[in-house]
Amino acid sequence: MQAPIKNAEEIELMRTSGKLLAQVFHMLDDFVKEGISTLEINDKVEDYIRNTLHSRPASLGQYGYEFVLNSSINDVVCHGIPKATQVLKAKDIVNIDITLEKGGFIADSSKTYVMSNASPIAKRLVKTTYDAMWYGIKKVKPGATLGDIGAAIQSLAEGKGYSIVREYCGHGVGREMHEEPQVLHYGKAGTGLVLKEGMTFTIEPMINQGKAKTKTKKDGWTVVTADKKLSAQWEHTILVTKTGYEVLTLRQEEQDTEHASMKDQ
């Protein structure tokens with residue numbers, strides 16, 4: 001498994017893509033709410049990426065996919081398809097997963113939005129998934145291994161009584177949406193690929209309220225929990241730096257709080 005190493009110029013281009021993608025989520029924070037359809041979210045994001053950010057929605061057309069994002073509600077683990085008939089309800093949680101290309105390089109990130117009347121059970125799952133992502137991110141540094149990341153995420157999530165989806169994982173990202181390495185969200189510390197400065201990849205745990213088993217719907221895209229219980233996901237694009245990590249898709253609300261999510265652990 002050979003992971004591409006980005007040079008200084010390529011890293012700067014990836015920083016640009018990452019910052020632009022963070023702006024997309026900042027725009028969505030006031031837009032994603034109950035009463036709006038997932039297709040409206042898709043169309044808003046496409047317009048914003050193309051006409052405000054002058055960038056390309058990288059998911060559109062990738063593997064034959066016809067939309068610019070995935071919208072995964074409640075028991076949908078990943079790859080939910082936006083629909084005009086799918087309107088967000090007050091008790092829903094929804095993961096919005098977006099890719100953006102600028103200057104030949106792609107950034108990839110997702111955020112789970114919690115509607116106004118979501119249950120405490122749903123809120124706890126979403127928070128734990130976010131914390132688990134950061135727990136994995138904080139293991140990133142030269143000389144660490146992919147197993148260190150997976151073990152950290154698995155330990156936190158399973159320690160809270162949840163399960164880790166195993167069929168889908170993080171991945172290298174850069175000129176292509178999916179590059180090496182594959183970044184598992186479970187594993188054994190000290191094993192797997194050794195991280196080096198200049199690697200870029202996503203960390204994007206999918207964590208289930210119930211069992212880890214999933215199934216894919218007949219549309220060939222939508223992945224749901226087999227037991228119909230809730231699933232949550234968060235994702236960032238990460239750069240391995242000389243001394244640690246840089247979150248290339250860090251959002252505005254995280255600028256001063258990137259360590260806050262771990263304080264209660």
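Predicted model: local features only at pLDDT ≥ 70, side-chain atom pairs only at ≥ 80, totals over all residues.
Let's look at one of the pairings. S11 and strand S12 (residues 223–225) run antiparallel to each other and are joined over three bridges. Within this part of the sheet, Thr214 sits opposite Thr225 in S12.

Is Ser59 buried or exposed? Ser59 has a relative accessibility of 12%, so this residue counts as buried. Its place is the loop between strand S1 (56–57) and strand S2 (69–73).

The side chain of Ser59 has a polar contact, at 2.6 Å, with the side chain of Thr99. Leaving out residues up to four places away in sequence, Ser59 touches Tyr65, Phe67, Val68, Thr99 and Met177.

The largest nonpolar core holds 34 residues, of which Val140, Ile149, Leu195, Phe201 and Ile203 touch the most other members. Helix H3 (120–137), helix H4 (146–159), strand S9 (200–203) and strand S14 (236–240) are the elements that contribute two or more residues to this core. H3 gives the most, with eight residues.

Which residues does Val140 contact, beyond its neighbours within four places in sequence? They are Ile149, Leu195, Phe201, Ile203, Ile238, Val240, Gly244 and Tyr245. There is also a second, separate core of 24 residues, with Leu20, Leu21, Tyr48 and Leu100 among them.

Definitions and conventions. Residues numbered from 1 in each chain as written. Heavy atoms only, no water. Pairing = 2+ DSSP bridges. Helix = DSSP H or I, 4+ residues; strand = E, 2+ residues; numbered from the N terminus. Buried < 20%, exposed > 50% of the residue type's maximum accessible area, 1.4 Å probe, protein only. Polar contact = N/O pair within 3.5 Å; in protein donor to acceptor, adjacent residues only side chain to side chain. Contact = heavy atoms within 4.5 Å. Core = buried A, V, L, I, M, F, W, Y, C linked by side-chain atoms within 4.5 Å.
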